[in-house]
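Here is a friendly walk through a structure, written for someone who likes to look at side chains one at a time. Keep the viewer open as you read.

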Amino acid sequence: MILNEEQALLRETVAQFFNEKAPISELRSLAGASDEQGYDLQLWSEMVELGFPGITVPEVYDGLEFGWMGLGTIAQEAGRCLVASPLLSSVVLSQNLLLNCGSDAQITTYLPSLMSGEATATVALDEGRFFNPDAVAMSDASGTLNGQKDRVLDAGQSAYIFCIAEQASGERGVALVESSAEGVSIESRRTMDLHSSASIRLDGVPAADIVWLTGYDVASGIQKTIDQATIALSAEMMGSAREVLERTVAYLGEREQFDVKLGTFQALQHRCAHMYCELELAESAVSAALTALDHAAPNIGLLASSAKALANDCFTLISSEAVQLHGGMGVTEEMDIGLFLKRSRVCNQLLGSSSYHRDRYARLIGF
Amino acid sequence: MSQPESHPLSKEALAEFRADVANWLEANCPLSQRQPIVREEQIWGGRRRVFPSSDAQQWFEACRDRGFTAPEWPVEYGGAGLDPEEAKVLKQEMTRLGCRPPLYCQGLWMLGPALLVYGNEAQKREHLTAICRGEIRWAQGYSEPSAGSDLANLKTKAEDCGDHFLVNGTKIWTTKADEADWIFCLVRTSDVTPKQAGISFLLIDMATEGVSTSPIPLISGESEFCQTFFDNVKVPKTNLVGELNGGWAVAKELLKHERKMMSAFEGMLEKPAMELLELADYAVGSDAQGRLNDAELRSDMSRHLMREAALGQLGERIYWQGKAKQVDPRLPLLMKHLGTSEAQAKDELILRALGDEGLSMEDPNVSPGLRKMVKQWAFNKSLTIAGGTSEVQLNIIAKRALGMPSGEGKS
């Protein structure tokens, strides 16, 4: 990333903040919590105090309008420490879905409570085993909302759920329901990366409890939000991949076998050099996508799919190699390396696997 | 360089220069010389040069007489004496009009810039002028059968015989040596260690008795490369460039310029017969939704296109880091390995897509454009070998970008 002075300062502040307040030991402490709890509330309130929720929000809505490169910086630093927080579910997905699909009145009604940390929200998008935003069965039938959603991030701690669903008119829409509304049941689980997500069932949620977003172009607003979140998640993944590669290279520089440092072996050097090439290649795609968001570039779908497919492949490679190159230590629960491995596989499924994005890329180009 | 101290030109002077150059190019570059260049029509100069057309000759001679074959070299050596800003304007205007490079020559890209730094006055006068005027074609004599990636291991010996060196040995991968007039060589003049400290840089006229050369047929059916043999070749001592045993420094200077000059010509080459997507659709066909019939090929093509785009984005990142003075010196180290591997990945996709039509380089029933792609696939296997193998690149990345400790072999 190429950062201006303000962004570089932000990076420094954020890195220091996460290192102090959210080291990986904090993530580990979630293992003992109830499945509904996906992040530490105290940490989240400090992130709110630093202004993270308003980072990309336009000034007209009292945001910082600091841009997506700024948000990408925060996401990367969060990725380095494997921070669990509602940054993706509430700040990136929910807030932007509201901004992209809501009317002005709806934005001014719901956004302030999200930005102030008074409440968090999440987006219910996936249905079934894989990410596939084109297949949505949840629908408004005879005035009530029905259906099931899966991999809804941080649902157990969210006050609001934005459901992607079919409206009575047959058009794709966004239904805002409170998580406490009648007919909403949430079944949380802790995924292996220690984050929390849920399957949600809506059984006849009454029309009175549903707010359909009524912005200018809801269908393209949904797609835009998905692209924004895909790019932000890719940035987070690049932070994690960079961290785990650095840890691995450092380990090889310390560990001795056969009376020499492991890092002197060419076979291992070449594997690390290969990983570093892949890392910077993917980083370049992610960085280009963040820049494009800041300039409202038209081909954002292509850039988002490129960024995510490259980030998936790169983080998968590096986290697997990291375990192998740490030898026996790599498979112990004591080392953090395994957490990077697990996080990478969860991230692969969030917002689209590499197969999904390669298929979408081909569709967008037309082959 | 014996150029006056650089004094930044005023905007007005530069604009005037641009207008002047644009007019001159309009007047002197025939329309046929504003088409993308094909390999057969490149002008390489030399004692045996032939011009592909009278237009090409006219364009070459106009540039030669104005010093535009080597715009930044001093006028007294046959260049145009332009400062870097002016040279940039000339390049921009030539690109805008699509003018072909007037002269291709290893002397221009590699030897010349090194001579400007390390050559003595007599060498500059003799050789630089002949290069600019396209009179002498140069070949490069670096690698040897036993000195590839380990270049410093070279064995071609130059023995001190008073007024001349007696050269014995052989050079390999000497590009187009069978068409070259002179060759610049790295030769061993001492057996000291480290091996780099016993190497000298020598200019050899290939018409001298004892020099012979033979082409090396490649797996692509072409033979751009040769092996050149030196059998008791007498080389005057005045042909030594730089210090005796100081050839390694000259060689390094020369490599610095190679990439820079070559990149100036990139993008001016003829487009391939078909772009990848068009070719895949032609060869494997698509379904009603426009999806390629081969699902795995389609997915692999997506992967390749994404990586190719990311390579461009990496290049832009490096460029903007330079502009913003936030240079990450590790990034340029990655370009050669990543770029050449991805070029080969593309060739493999082409070959897969072509199916039956990709199985012969000579079949007259296959269009010449497609056959050229198959030859390219074979030829491009050299990309990850020439100019520093991928393995050497990975060594460099591990040590210089990742700071991994030295051990085992040295490179």
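**Charged pairs, cysteines and an interface**

At a relative accessibility of 36%, Glu135(B) counts as partly exposed. Before we follow that residue further, please bear in mind that this is a predicted model. The partner of Glu135(B) is Arg133(B), and their side chains meet in a salt bridge with an N to O distance of 3.1 Å. Arg133(B) is also partly exposed, at 31%. The background is simple: side chains of opposite charge can pair when their charged atoms come close.

Another pair to find in chain B is Glu308(B) and Lys346(B), whose side chains form a salt bridge at 3.9 Å, N to O. Glu308(B) sits in helix 8 (residues 295–323) of chain B and Lys346(B) in helix 9 (residues 332–354) of chain B, so this pair ties together parts that are 38 residues apart in sequence. Glu308(B) is partly exposed, with a relative accessible area of 35%, and Lys346(B) is partly exposed at 24%.

Now turn to chain A, where salt bridges that share partners join Arg28(A), Arg80(A), Glu243(A), Glu246(A), Arg247(A), Glu333(A), Asp336(A) and Lys342(A) into one network. One link to look at is the salt bridge between the side chains of Arg247(A) and Glu243(A), at 2.9 Å from N to O. Both residues belong to helix 7 of chain A and lie 4 residues apart, about one turn of the helix. Glu243(A) is buried, with a relative accessible area of 15%, whereas Arg247(A) is partly exposed at 29%. Over all chains, the count comes to 48 salt bridges.

Next, see where the two chains meet. In this contact, 41 residues of chain A touch 40 residues of chain B. The area buried between chain A and chain B is about 3,400 Å², and carbon and sulfur atoms give 64% of it. Charged and polar groups take part too: 3 salt bridges cross the interface of chain A and chain B, and 13 residue pairs across it are in polar contact, both residues being at pLDDT 80 or more. On the side of chain A that touches chain B, the elements that give two or more residues are helix 7 (218–254), helix 8, helix 9 (300–325) and helix 11 (354–365) of chain A. Which of these helices gives the most to that side? Helix 8 of chain A does, with 16 residues. For a salt bridge between the chains, zoom in on Glu278(A) and Arg307(B), whose closest N and O atoms are 2.7 Å apart.

A polar atom of the Thr264(A) side chain is 2.7 Å from the backbone oxygen of Lys261(A). Thr264(A) counts as buried because its relative accessibility is 11%.

How many disulfides are there over all chains? The count comes to 0. As a reminder, a disulfide is a covalent bond between the sulfur atoms of two cysteines. The sulfur of Cys81(A) has its closest cysteine sulfur in Cys347(A), but at 15 Å that is too far for a bond. Cys132(B) is in no disulfide either, as the nearest cysteine sulfur, that of Cys105(B), is 9.5 Å away. Cys81(A) is buried at 9% relative accessible area, and Cys132(B) is buried at 1%. Cys99(B) is buried as well, at 0%, and is found in the loop between helix 3 (84–97) and helix 4 (106–118) of chain B. Cys99(B) and Cys29(B) are 70 residues apart in sequence, while their C-alpha atoms are 7.0 Å apart in space.

Finally, a word on confidence. Chain B averages a pLDDT of 90, and 93% of the residues score at least 70. Within chain B, confidence is highest in strand 5 (residues 199–205), at a mean of 97, and lowest in helix 6 (residues 247–265), at 72. Over residues 1–6 of chain B the pLDDT is below 50, and this stretch has 7 contacts in the model beyond near neighbours in sequence. Residues 264–269 of chain B are also below 50, with 12 such contacts. Where pLDDT is low, the predicted coordinates should not be read in detail.

Methods: Residues are numbered from 1 along each chain as its sequence is written. Chains are lettered from A and ligands numbered from 1 in the order in which they are written. Side-chain values use heavy atoms; hydrogens and water are left out. Buried means under 20% relative accessible area, exposed over 50%, partly exposed in between (1.4 Å probe, protein chains only). A polar contact is a pair of N or O atoms within 3.5 Å; within protein, one must be able to donate a hydrogen and the other to accept it, and residues adjacent in sequence count only if both atoms are side-chain atoms. A disulfide is a pair of cysteine sulfur atoms within 2.5 Å. pLDDT is the predictor's confidence in each residue, from 0 to 100. Contact means heavy atoms within 4.5 Å. Buried area is the accessible area (1.4 Å probe) that two parts lose on being put together, summed over both. A salt bridge is a side-chain nitrogen of Lys or Arg within 4 Å of a carboxyl oxygen of Asp or Glu.
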